[in-house]
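Morning, everyone. Please have the viewer open, and we'll walk through one model together.

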Amino acid sequence: MTILDDLAQLEEGHPSREVIERLLKLEGDEQQQLFHQAREVRYRAGVNRVTLRGVIEISNHCQKSCDYCAMRSPNGELERYRLTPGEILAIVAQIAENKIPIAFLQAGQDPACDEVVAEVIPEIKKRFGLHVLLCLGERPRSTYAAFAGLGADSYILKFETSGSAHYRAITRTSLAARLDCLRHLRELGYAIGTGNIVGLPGQDIDQLVDDVLLALKLEPDFVSASPFIANQSTPFETSPQGSLATTLNILAIYRIALRTPLIPNVSALEKIEVGGQRLGLEAGANVMTVNFTPRPYQEKFNIYSKQRFVVGLQHALSTIESAGMERLRASPTVQQAPCPASIG
Ligand code: 5AD
C-alpha cells in the first residue's frame, strides 16, 4: 500500500486499523501530503473559512478527579470561582461586539452552575442572538433537555480516551455513561462535539487507533484532538507530553474522513510549540476559540497548565492570516460558499 492508497481509503470514510496506524506515524514529505489532502478536502467541502467562537470559563469547580487535569476536585491548592449571570452577560456583550457568532460557556463538571446557565441562555439568545455552545460535562438527560429548551445549540463532551478500562483508571468514572450523555445530546437536537487527548499516560498506539475509530464512528459535528500536557498538581505532573506531530496527523485524518465538521484548533497546540496553531490550521482545523474569561480567573481555569496559552483575538486573527485563510463572518450554521483561500 502506498500513501495514495491509504489516503484514498481514508477519504472513503472507513479506514482500516492498519491504514490509520500508518497515517498516524507519517513524518516528513508524506506527512505534508496528508496535510495537503486535508486542506483540499476542507476546500472542496466548503468549510475553508475559520469560525471564531468566544469562550467564557464560567466555573472551575469540578466533581471529577481526572488524573490529567488540575481542576480535579482533590486539588485543594486551586482557588475556585463561579461567575455571576451579570458578569457572564457583560462578557457576552464583548463577544458580540467583536462580531464573533458563538458564545461558548465552559466549566468544570459543576451542577451548581446550572441555574446560572439556565438564566443566561435565554438572555444570550434574546439580547445578542448568538449561537450558544456549552461544555459543562455530564448531566442527566433532563438538564440537557432544559438547556436545549432555553435555546442552547451545541455541546462538547470529549470522550478523551476510548478504552473503557483506561478511561476508568484515569477518571474513576464510566466511559459508557459519558457516551450515553453524548447520545442524549444528539437525540435532543444538539450539534455535538467530541474528541480525544493524544499521549495520555497509559496510551499505546493500538489505543490511539481505537480513539480515532471511535471519533469517526460518532460522526460528530465537531471534533478535536489535543496533545497531552503534564499539568502541575496532578498525578500526571511528571509524565511526558503528547506528540504535536501525531496530534496534527489525527486532525488531518478527522478532516479527510469526516469532511465537513468544525475542527477546533486547540490552544494546547500553541502551548506545545510556538506556531502550533498555524500548523493546526494547515492540518485541516477550521475553528479558533478566543478567550474572553476575565484575566484574574484565566489562570484559575488551569485545564492543562497554570501557564496555559490564552488565545486573544489578535493572536487568532494573525494565526488565520499566517495560514493563508480567512475568518468566517456569517453564523456557523449558514452554509459556507467556496472560499478562494489557497489550499497549497
Ligand atoms: N492535556 C491536554 N488536554 C487536556 N484537557 C484537560 N486537561 C488536559 C491536559 N492535561 C482537555 C480535555 C478536556 C478539555 C477541556 O481540555 O480534553 O475535555
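Predicted model: local features only at pLDDT ≥ 70, side-chain atom pairs only at ≥ 80, totals over all residues.

The protein chain has a mean pLDDT of 95. Of its residues, 96% reach 70 or more. Now look at residues 334–342. There pLDDT stays under 50. The model has 15 contacts beyond four places in sequence for that stretch.

Next, the ligand. Which residues surround the ligand? Among them are Tyr 68, Cys 69, Lys 158 and Glu 160. Phe 228, Asn 231 and Tyr 304 also belong to the group around the ligand. By class, this shell has 8 nonpolar, 2 polar and 2 charged residues.

On to the helices. Helix α1 covers residues 3–12, and helix α10 covers residues 244–258. They pack at an angle of about 60 degrees, and their axes are 6 Å apart. That angle makes α1 oblique to α10. From α1, the contact uses Leu 7, Leu 10 and Glu 11. From α10, it uses Ile 253, Ile 256 and Ala 257. These contact residues divide into 5 nonpolar, no polar and 1 charged.

Last stop: Leu 208, in helix α9, residues 205–218. Is Leu 208 buried or exposed? Leu 208 counts as buried, because it has 24 C-beta neighbours inside 10 Å, and the cut-off is 20 or more. Leaving aside neighbours within four places in sequence, Leu 208 is in contact with Leu 24, Val 198 and Gln 203. Ser 162 is 46 residues away along the chain, yet the two C-alpha atoms are separated by 8.2 Å.

Methods. Residues numbered from 1 in each chain as written. Near = placed C-beta within 6 Å. Nonpolar A, V, L, I, M, F, W, Y, C, P; charged D, E, K, R; others polar. pLDDT = per-residue confidence, 0-100. Contact = placed C-beta atoms within 7 Å. Axes fitted to C-alpha atoms, helices over the stretch in contact; angles between N-to-C directions. Helix = DSSP H or I, 4+ residues; strand = E, 2+ residues; numbered from the N terminus. Parallel < 35°, antiparallel > 145°, perpendicular 65-115°, else oblique. Buried ≥ 20, exposed ≤ 12 C-beta atoms within 10 Å, placed from the backbone.
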